[in-house]
Amino acid sequence: MILLVDLGNSRMKWACWIAGVLQAPEALTYDSDEDFFHRAWAGLGVPDAVYVANVAGGEMAVRLQDWVREQWQCAVKFVKSSRQCAGVTNGYERPEQLGVDRWAAIVAAYQRYPQGVVVVDCGTAVTLDVVEPGGRHLGGLIVPGLGMMRSALQAAAGIGNVVDCGVGPADLGTDTSMAVESGIRCAIQGLLDSACGTWQSKAGDGMSCVLTGGDAERCLPDNTDKAWQIHDDLVLMGVAILAGVTERGME
C-alpha cells in the first residue's frame, strides 16, 4: 500500500494506492490539534511509502513528517513541479513556480485527455490551466475561490456576516448573503465557461474541460453546451504519476 497526500491550502486530501488501483479519496480540514493526523489516518495500515504534494507550507509538512516517522517509521517523499513529466511540458518559464498541486492535476488530466484539456481546480483559489494536443502546457489563470471571494467582500465592503446560503448563479438575491452567493458563483462560472470556450475554439472541439477540487460541483457552469467532467481524484492521481507509482496514468 502506498499513501498519496495532497496538502492543500485549507485541507488535506489523501488516498491509498493498492494493487494498482487508487482508492476513494478522503479529506480533512486543517486545525491546530496535535491529533490531526491521528484522526485522519488512525485506521490505516502501515504504508510502504508516503508521497506528498505540498502547497500548505513548511510547518504542515514538518508536522506530517514527524507524525509519519513516529507512527509508521516511514519516509515521506515530496513530489515537485518539473519541466517535463509523462508527456507534458510545463509552460512556466520557471517550472518550480507552478504549484505542485496544479502540476499534478495537469499531468493526470493529460493522461486521460491527450487530445487537449482545460483543467480547473476549485479550492481556496480557482486555477485554470490549458494543455494543448501534444502535451504542451500553455499556462493558466488564478482567481479567488468562492470562500475567498465571500470573505473579501465581507471584509472590504463592510456588508456584515455573509454566509454560504446555497443559492445558484441564476437566482437574484433578496438579501445580502443571497446576492453575494449568486454573484460570486456567476463570476466563477462565467469565467470558466468563457475560458473553456475560448480554448476549445482555438484547439478544436476535441479539447475537454475538467473540474476538480472541493468546490467543483459549486463552480460547474450551468446552462452550457460544453461537456464538463468532474474528477475528484485528479491531484492524487497526478501525485502517483509524479512519484512514478504508476506509468499507466488514469484509466
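This is a predicted model: local features need pLDDT of at least 70, side-chain atom pairs count only at pLDDT 80 or more; totals for chains, interfaces and linings use all residues.

Tutor: Residues are numbered from 1 along each chain as its sequence is written, and side-chain values use heavy atoms, with hydrogens and water left out.

Student: Why is Val117 called buried?

Tutor: Buried means under 20% relative accessible area, exposed over 50%, and partly exposed in between, with a 1.4 Å probe and protein chains only. Val117 has a relative accessible area of 0%, so Val117 is buried.

Student: Where is Val117 found, and which residues is Val117 in contact with beyond its neighbours within four places in sequence?

Tutor: Val117 belongs to strand 9, residues 117-122. Helices (H or I, at least four residues) and strands (E, at least two) are DSSP runs, numbered from the N terminus. Contact means heavy atoms within 4.5 Å. With those neighbours left aside, the contacts of Val117 include Ala109, Tyr110, Val131, Met207 and Val210. Val131 is 14 residues from Val117 along the chain, and their C-alpha atoms are separated by 5.3 Å.

Student: Why is helix 7 described as largely enclosed by the rest of the structure?

Tutor: Nine of the nine residues of helix 7 (residues 234-242) are buried, so the description applies. Among them are Leu234, Met237, Gly238 and Leu242. Helix 7 is followed by Gly244, whose phi is positive, near 80°.

Student: How many aromatic pairs are there?

Tutor: Rings of Phe, Tyr and Trp (its six-membered ring) pair if their centres lie within 6.5 Å; planes under 30 degrees apart count as stacked, over 60 as edge-to-face and the rest as tilted. By this rule the count comes to seven aromatic pairs.

Student: What makes the pair of Tyr30 and Phe36 tilted?

Tutor: The ring centres of Tyr30 and Phe36 are 5.8 Å apart and the planes are at 50°, so the pair is tilted. Tyr30 counts as buried because its relative accessibility is 18%, and Phe36 is buried at 0%.

Student: What are the values for Phe37 and Trp41?

Tutor: Phe37 and Trp41 form a tilted aromatic pair, 5.5 Å centre to centre with 45° between the planes. Both lie in helix 1 (residues 36-41), four residues apart, about one turn of the helix. Phe37 is buried at 2% relative accessible area, and Trp41 is buried at 1%.

Student: Which residues form the aromatic cluster?

Tutor: Trp14, Tyr30, Phe36, Phe37, Trp41, Trp67 and Trp72 form one aromatic cluster.
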